[in-house]
Amino acid sequence: MKRTAFRKLLAYPKLSCTALAIGLLVGGGGTAWAQDEAAPQTEAKASDDIIVTGSRVSRSTFDTPNPVTVLNSEDIEKLGLVNVAEVVAQLPQNSNFFAANNVGLGNFNVGAQFVNLRGLNPFFGTRTLTLIDGQRVVPTSTGGGVDISLVPSMLVGRTETVTGGASAIYGSDAIAGVVNIILDKKLEGFKGQIDYGATTHGDGDDWHAAGAYGTAFDDDRGHFIIGAEYQHTSSIGNCTEERDWCSQNYGMFTNPDFATNGQPHYIIGPNATAAYSSSTGVLIPCFAYVGVCIAGTPVQFNPEGTGTIPFDPGLYSGGAGVFGFRQGGDQYSVGAYDATTMRPSIKKFASLARLQYEVSSAVTVSLEGSYAKSKANNPIANGAIGPYAFDVGGGALVGFPIAADNAFLPADVAATLGPGGAIIGRNMNNLQSAENDTENETWRVVAGLEGGFGGSWAWDAHYSHGENRNDQALHHNVVGSLLKFALDAVDDGSGHIVCGVNVPGRINPNTGAAYTPAEVALATASGTCAPLNLFGAANADQAAIDYAFRTLYEHSTQKQDVVSFNLRGDLFAGWGAGSIKLATGAEWRQESGVVTHDIADQPWYNDYTLGYGLDYGGKTKVLEGYGELNVPVFKDSAIGKYLELDGAVRWTHNKNTGTLGANAGLSQTREFVTWKVSGIWDLTDWLRIRGTRSRDVRAAQFRELFQTYAPTVGGPFGTVTNPWNTGVTDPVTINSGGAVNLKPEKADTLTAGIVLQPQGFLSGFRFSADWYQIKIADAIVGPPFGFGAQNIVDNCYKGSATFCDLMTGEGTSDILVIDNVAGNLQGFTTRGIDFEAAYNTQLGKGSLTFRVLASYLYDQLFETGLTDASGNPEPPVNYAGQSGPTAAFGSFNTGPKWQGNAFLTYSQGPFTGTIQARYVGSGRFLTVINGETPIDPSDPGYDTTLSNSISDNSVSSAVYFNLAASYDITKEIQVFGSLNNVFDKDPVIAPGGNGFPTNPVYFDTYGRTFRVGARVKF
């Protein structure tokens, strides 16, 4: 494979020219070199100064053109952190969306932790590149993300985070930045750790053990390292049962009578409960049933199911909309967060071994292998909440119909129903909740060669192969068709209650016509239909529940092969400021994936209420060449102490081919160029100016390219309003999924910063401030939601040819098909300033270190790609400062304007102690509600009769204090402990965050937690 790949590299003249031209410092699979004669260094060094990958000079965030934040193994130990994910979570620039504390109602990537710099990741993708030792890693998800908790923490020397564009250095995906996990490849001896953590609320047990060993051999010509880690994190259960702040059930309510009742249109308050639903069943009579219920007055069943009692609709039921909330109700109401798991159960094992040997003075070989596996269980997932009922306006409700002659209905209740029967709203969690099991397994091998010649010149080459297998099962997931069969309970004439679908000539209450042969065949193929009694608290037969609620499976396999070659060295000595350096090389990469769902064994598969889509697969082949030139311009000049310029360019050839699913056989080839220029200017010994300008890209990822869904035909989710037919609702066929012809996203990144390193009595102080701007064009709107079928219709009607191309039957009274597939239409502009400060000094007989990481976000402009009423592009909306609900299934994640992390560490002899303060700034609850900017009583012009009025659109700030300490009992044994959220601070109220009444990305939901453990080294 190696030989074939290198022949392919040489077959592209563009690649050869690029590789020999400007040069690149760090390739996608290579390592960086740095200036041997860099800018003058002060003698005072921070304890955390590091050697940047492939360099022999000290580097830190203060010594590079790009802002680089470094957390090394000492930082990890000082804070009592136990895995790489916890390390990256310390960065204010990281929006920790996919993490254990944000599982909520989640059924995707449960247990995984992905890096999300600047909050720019789409829900099913990534705009942050994760590397290990500068090399790409096989994705652990179909969206391209890498679970960084699957790296043995004991082998990590440091993590380097580059914020801002880095595509010219590392290739696609590095729009928001890069997290590079650097292994301690020179580890000597053994070190181990065992620890235990929990919350002070009596839950959240967390056992962790890790060990690593390294040794040199054969007179230091060879070196071997090996490490392993195991962690078992217990689940924290139902949010409303485990935490008092959650049991208040804060939610946002829609007030339909805002124009007349003196209350705003949107109200944030406690006691949110599911509208039109209860734990005993809400029966809603239908004057008529024509796909939707023309509703009468709801009642609910008593707990025994022998009759009905009044149903308390609470407040605001009329404005609840799809799956919305009412305020209040009675003792049978279902709390808004009764199906929210605070944390899943997670078991993780990670291991890695590496062997290198110096064959000769010119060649060193290496071989690395890693294996990791995780198992996660979300015991209360989203999937068994149905049957549901929701308001679609005009007194019409959608739900599961109950025939007037249903055999389980008490006679007096049945007598109150007309020919339209009724629909039922019922929460299933008191009978059986949905449950998600996810297993993720990854292995990877890397073979490498490196060497040097001619004094300053060095080269390296490597081949890697990685595979990931992810299996997830959503148990007890409602199957719409089977549930309808089971709910049609009839007496077969002999006193036995059976499913109506098995009674010849029976009228289907869902359609008003006799059951079709296809419906009968489906019911039969799905097993023995058992009639389901949902009237009352506990009358349902388990066999009927098992018939209607099944297990949804998804199996995905990702494979990655990478071949790279890198060459770097001094071109010539320069003109006194340092050698002019060149790096150049090439990379070939292939990634492929297949996703299956056991569809052949599930004839009901397309009827799952919550589905994962159809089988799909594809592959991507990438060929790249790069080069970078580093030029020290002057040293000790009249206009400054030092000036360095750097230029990089990368050419990429990318081919995507569908192999399974709707895009099978389709192929698309793209070529693009990325580049970067940067500079460092030391005006004095203590003042530096630095900046970068780059063009970056993100090529479409596996899921965005190849995802396949079954078409939606008619029904509540397959109907649009037809503007060419006076607004009549029109049933259509809606296709959704990925698109092979997606263009790469383009990003223009600009950074400018200053670095202060005072001399004299402040020589231990350093400070940097870096302004950034990232503009993304052709941003991808991914599946399954795409642009939205109604948006496509409306924008075509306004004259957009782009959207009309996605329709069949546009301009007529009968729209036939809408292709709501992935596309390149959105745009982003994000701007802000990153700060870092550090101070080191002696205090008594010990040392004191102070470090602050902070980020200020003042622009997060989002362009939808849609048009306004005049047919012009909608203006961008600035989401900076929105710290309300998390953007589940969105194109990005919002965040507060200010975030910061401060650390104060004192060390003396065997003792080290750290105080940490994490700050989350105040913000807005929402930026847009139904296309309008919300206003609350603090805004001028506020009036409750306005459609954009809200009771409170603010989100409070929060400060969390953490403590950590360690003590060396001997040189070989150390004990340590940590206490997070010392004051057990409740999270800020911000309802709607992925099933929480707060935003779990930023606000702590666990409460006070502790960890104690021991470390050994010998």
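**A guided tour from core to surface**

Select Phe 485 and display its neighbours: Phe 485 touches Cys 499, Val 501, Tyr 515, Glu 519, Leu 522, Ala 523, Cys 529 and Tyr 547, leaving aside residues up to four places away in sequence; contact means heavy atoms within 4.5 Å. This is a predicted model, in which local features need pLDDT of at least 70, side-chain atom pairs count only at pLDDT 80 or more, and totals for chains, interfaces and linings use all residues. Residues are numbered from 1 along each chain as its sequence is written, and side-chain values use heavy atoms, with hydrogens and water left out.

Next, select Leu 283, Leu 409, Leu 483, Phe 485, Leu 487, Leu 532 and Phe 1003, which touch the most other members of the largest nonpolar core, a set of 62 residues. Such a core joins buried Ala, Val, Leu, Ile, Met, Phe, Trp, Tyr and Cys residues through side-chain atoms within 4.5 Å; buried means under 20% relative accessible area, exposed over 50%, and partly exposed in between (1.4 Å probe, protein chains only). Among the elements giving two or more residues to this core are helix H9 (480-487) and strand E30 (549-572); helices (H or I, at least four residues) and strands (E, at least two) are DSSP runs, numbered from the N terminus. H9 provides the largest share, 5 residues.

Then move to Ser 141, in the loop between strand E5 (135-136) and strand E6 (156-163). Ser 141 is buried, with a relative accessible area of 7%.

Finally, select Phe 983, located in the loop between strand E52 (973-980) and strand E53 (1009-1017). Phe 983 is exposed, at 62% relative accessible area.
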